[in-house]
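Hi,

Here is the structure I promised to pass on. Have a look at it first, then read my notes below.

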Amino acid sequence: MTKRLLDDQIVTTAQLCEALGIGRTALSDLKAKRVIEPVKRNQWLLWPSLRAALAHYREMAAGRGDGGLDLIAERARLAKAQADAQEMKNEVTVSNLLDAEEVLRTWEGFIFNARARLLAMPSKLTPVMASETDHRRINAHIQDEIYAALQELADHDYTKDDHDAGTDESKAREDSGQTG
């Protein structure tokens with residue numbers, strides 16, 4: 001590479017700071033990072049120092065700095081987090097995602113209804129089968145009752161807002177001494 005005109009021009013620390021538009025502390029930081037080097041105390045090569053400092057600042061502005069924050073990566077990470085949060089809000093809006101508490105209340109109601117139906121079977125079937133001696137007919141009665149309970153559960157509309165009823169059912173269970 002050919003030697004450029006003025007590459008040998010030497011300036012003081014104050015002159016270099018003025019040329020770069022920075023203070024002495026910032027110049028010391030550039031020196032500590034080995035971006036620029038003085039010729040000797042308070043003497044700097046003007047043009048090589050300017051080129052090196054400007055190259056350093058370009059790298060910093062592009063986010064490819066000296067191990068500090070990678071601004072481009074940080075901006076990309078922030079943009080992704082914001083996009084993910086918005087996507088979740090959109091999914092909730094179009095009902096592709098459900099509120100966990102509401103799902104829990106719905107399932108509690110579903111399980112309570114199934115439990116109540118199953119626990120009612122002996123008292124419902126006892127009068128019908130008390131005099132029954134045919135095992136096939138006993139089996140058919142039990143099976144019919146199980147299928148009826150399952151059909152009732154399957155036919156229930158769990159999309160309507162009936163979780164308040166579940167709360168009332170829970171209170172009724174507590175009042176009657178039943179648990180879980």
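Let's start with a pocket. Helix α2 gives the most to the lining of the second largest pocket, four residues. A pocket here is an open set of points on a 1 Å grid over the protein atoms alone, where a 1.4 Å probe fits, with protein on both sides within 12 Å along at least five of seven lines; lining residues have an atom within 4 Å of a point. Its volume, the space filled by probe spheres set on the points, is about 180 Å³.

By the way, this is a predicted model: local features need pLDDT of at least 70, side-chain atom pairs count only at 80 or more, and totals for chains, interfaces and linings use all residues. Numbering runs from 1 along each chain as its sequence is written, and side-chain values use heavy atoms, without hydrogens or water.

Now the helices (DSSP runs of H or I, at least four residues, numbered from the N terminus). The axes (lines fitted to C-alpha atoms over the stretch in contact, with angles from 0 to 180 degrees between N-to-C directions) of α1, residues 13–20, and α2, residues 24–32, come within 10 Å and cross at roughly 95 degrees. That makes α1 roughly perpendicular (65 to 115 degrees) to α2. In contact (heavy atoms within 4.5 Å), Thr13, Ala14, Leu16, Cys17 and Leu20 of α1 meet Arg24, Leu27 and Leu30 of α2.

Finally, pLDDT, the predictor's confidence in each residue from 0 to 100, averages 81.

Cheers

How values were computed
Helix = DSSP H or I, 4+ residues; strand = E, 2+ residues; numbered from the N terminus. Parallel < 35°, antiparallel > 145°, perpendicular 65-115°, else oblique.
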